[in-house]
Amino acid sequence: MSNNTERYGLLIDYEYCSGCHVCEVACKKEHDLTVGQWGIKIHQDGPRQLDNGRWEYTYIPVPTSLCDLCADRVKGGKLPNCVHHCQAGVMVYGKISELAEKVDKDTMAIFSR
Amino acid sequence: MKYNNAYNFDLYPKTLRWQEGDLTATRTTMWSGPGCHNGCQLIFYTDKDGKLVKVEGDPNSPYNQGRLCLRCLELPEITNHQDRLKWPLKRVGERGENKWERISWDEAYDIIAENVRKFQKETGPESIVSMMGTGRNVSQALGQNQYANFGGPDVCLAFLSGDSCMNPRVALCYVMMGNINVADMSQFRENRYEDDSEWAAPENIIVWGNNPVVSNSDCFLGHWIVESMKRGSKLTVVDPKLTWMAAKADTWLRIRPGTDAALALGMLNVIINEDLYDHDFVEKWTHGFEELKACVQEYTPERMAEICWINKHDLVDAARTYANAKPGCIQWGLAVDQSKIGISTAQAIMCLVGICGNLDIPGGNVLIDQSANLNFSYGCGIDTLEPGMREKRLGDDKFILKTYGFGSTSQSDSVLEAIETGLPHPVRMLWLQSANPIANMAQDAPRVYKAIKSMEFVVVIDLFMTPTAVALADLVLPAAMSHERDCIRVWYDPLRTLSKCGTYYEAKEDEQIGIDLGKRLAPHKWPEWVNTTRDFMNWKLQEGGVPWTMEEIEAEGGMIYHPFNYKKYEKGLCRMDGEPGFNTPTGKFELFITVFEAFGNVAPSLPYWEEPPESPYSTPELFKEYPLVLTTGHRSFEFFHSEHRNSKTSRELHANPLFDIHPEAAEKFGITEGQWCWIENRMGRFRQIARFDITLDPRVIRAEHGWWFPEKEAAEPTLFGVFDSNPNNVIPQFEYGPTGYGAPVKSLIAKVYACTEENSKITPTEQVTKLGGFGYVK
């Protein structure tokens, strides 16, 4: 698994993802994707009511096979376009090992690319 | 945990412009159109031809902190759109035929000047009216042009009945406390959140009648609340639908649309009777507490919960949670305005803020003015009116708040009335600047369409050819978009500049149109040296006593924060005389509004509850025929009102108009998910696609607004399908409250049934444009 420490990815705190589509559009514009194509896509769970009366209503952005973690932008010193613009500020870009250290609560996921 | 702080700031200098490869980067502020109410800071990247290639959020911006919404990210698509208006167009066919001739700006100005002079001479300048859409960066240009060049006193939002968007809340706040107030997310200081030495995350935020992450309305970025949630804020959400924020809230109050005042009154009853209010603030700073206390006794939590279709426990719990929170904060929205009792609703909610001691404290609701106190809104240039003209403003004779200047616009319904009846004087020319009323802003859109058709001369200034332009305009003028304008922004703080970095064919800045027309029509009303929009800005800054020029603000990074103080009423910062207290007749925060009483009880001085004009309880017989409560006007991420329907990306995400319905109701009415359906009431009908939503009360449906279809034929009778999916077919005009404010946009009744080939032979647009309407209007 030692290779994994050198991999890069995205850490998502999906407790606060509001489903605003910004990552999707930021990616689409950066990569000039055609209609129907996405480099990252927001998935939705709910709303559904739990037995305790509370509601489950969660969004989570999932990178697709078209995601290259914005290699060109990153090479130029910038953040991936989705991370730069995420309105809820829930996306972190970095080395997988460093991202793993940031996981300190439920509702966090790391996507490795 | 802090996020998104990993920007490489070496790449983002705090200067106005820099070069990045082949592209020029300009760091400035965005303001519609196209857009929204906000003024985020971003970086426009233009190529050597001045064409916008891409945008990025400015990481150095305290306002949006590098982030942007999808509508800014798709800006290049819109600014370079092939369908943008490129040059002035003169109508050559009949109105509605979509036949135009390209003319020069000089020819356009000549036509305008000729008409203006004719109307001025024959029926006076008051026969010319100017209107705009919501929150646009045109109010200063619109006002200055209308007052100085045309000489008429009427400026308003385009046929928005009861001025029912923010204006009711603003007018109420002025009579109640002499200021506007805004939920405090530390946005008025450069150091945000924990970097601000005074700000505290509210313990409880009531999100009332808006979905901030989507709407971002009234110059408030919804995701600021998400940042506050990360810092510990708990939410109470008042919304008929479970929004994403409602799902994250401790308490979700799923109220019946239009019952916000009942909820607020019930909460006041609990807080007062359980002695949870802030005695110190109430004793020192409020007027009329005993009257309020007596008034709320009839509004028991039991009765109010029943009216609101919520359970009493939740109402009581929400009241206690807010009253006990230190600080507590209310982020209110459009639902407050869009009820016939909008003023009363706003008053009841502000009474909560006041008696709980949450006014003008860190993390509460803070008092704020326009940046640098510049008159850059609807009233810009009003002092250029000739003596006696201001008094002719439509609606001023009927509505006392307008007469005495608490409302800064004409009363919209009164303008419609004057167009229709010629009383109190004829209205013959209409100037529509960035407004598309028949697609969006006008209640009873078919009636407004018919009224404007009868006018003698109509000018539309916009970004694209809209349904309003095709149906009604004699001249269509192309407006510059945000990055093609030099401007300043004074809506709250900071004071911001917009620095021009592109052009598009012959599109012009709104202020430039005013300057050019001024040279023809009223040179004596303008300083001789004002020739460009930059001159215009520097003139207004100078006139307002601001110690900086536009260039100096740009040199400061394009934004200047004024010192922001809390508890200004304690420090003598609210009143003209410099004394402590509020800028009201009593000097207090008026729970009992003395102005209403002093003007002859023009409106109740205390908040009250009244059923919407049509509802399950006010019109039970009618409700049998129209057995659903219909609400509309909520926003989508992809659109700003009627904008962005021609954006490929927005439409990819959101192709068609959707209405929300509970699956139980759908089954009852024979509707399946994804089906086109008719929504109808006694006024007319419109069609949208059913989307199931298990979080709604099955008695409530929720329809989208602002839809037209640029992909459809422009000419009538198709007219971009503007009336086909338009909820304004079923919303009345003239259902405002006693002060002329408010409209029942959010609380209608309707029935719903599936579209079939048989019942869809005539589209609503054909019905309106070809067959004279739905038959209910006069």
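Trainee: In what order do the elements of chain A run from the N terminus on?

Mentor: This is a predicted model, in which local features need pLDDT of at least 70 and side-chain atom pairs pLDDT 80 or more, while totals for chains, interfaces and linings use all residues. Side-chain values use heavy atoms without hydrogens or water, residues are numbered from 1 along each chain as written, and chains are lettered from A and ligands numbered from 1 in the order written. Chain A holds four helices and five strands, taken as DSSP runs numbered from the N terminus (helix: H or I, at least four residues; strand: E, at least two). From the N terminus on, the order is β-α-β-β-α-α-β-α-β.

Trainee: What does the C-alpha trace of chain A span, and what share of the chain is buried?

Mentor: Along the principal axes, the C-alpha trace of chain A spans about 50 × 40 × 20 Å. Buried residues have under 20% relative accessible area, exposed ones over 50%, and partly exposed ones lie in between (1.4 Å probe, protein chains only). Among the 113 residues of chain A, the buried share is 50%.

Trainee: How many helices and strands does chain B have, and what is its radius of gyration?

Mentor: Chain B has 27 helices and 28 strands. For its 778 residues the globule rule gives 28 Å, and the radius of chain B is close to this, so the chain is as compact as a globular protein of that length. That radius is 25 Å.

Trainee: What share of chain B is buried, and what share of its contacts joins residues 24 or more positions apart?

Mentor: The C-alpha atoms of chain B fill a box of roughly 70 × 65 × 55 Å along the principal axes, and 69% of the 778 residues are buried. Contact means heavy atoms within 4.5 Å. With a separation of 6 or more, the contacts of chain B that join residues 24 or more positions apart account for 73%.

Trainee: Why is helix α7 of chain B described as largely enclosed, and what covers its buried residues?

Mentor: Helix α7(B), residues 223-230, has seven of its eight residues buried, so it is largely enclosed by the rest of the structure. The buried residues include Trp224(B), Ile225(B), Glu227(B) and Met229(B). Just after the helix, Gly232(B) takes a positive phi of about 110°. The cover over the buried residues includes, in chain B, β10 (204-208), α6, β11 (234-238), α8 (244-248) and β14 (328-332).

Trainee: How far is the nearest cysteine sulfur from that of Cys329(B)?

Mentor: Cys329(B) is in no disulfide, and the nearest cysteine sulfur belongs to Cys356(B). Cys329(B) is itself buried, with a relative accessible area of 0%. The distance to the sulfur of Cys356(B) is 12 Å.

Note on methods. Disulfide = S-S within 2.5 Å. Rg over C-alpha atoms; globule rule 2.2 N^0.38 Å.
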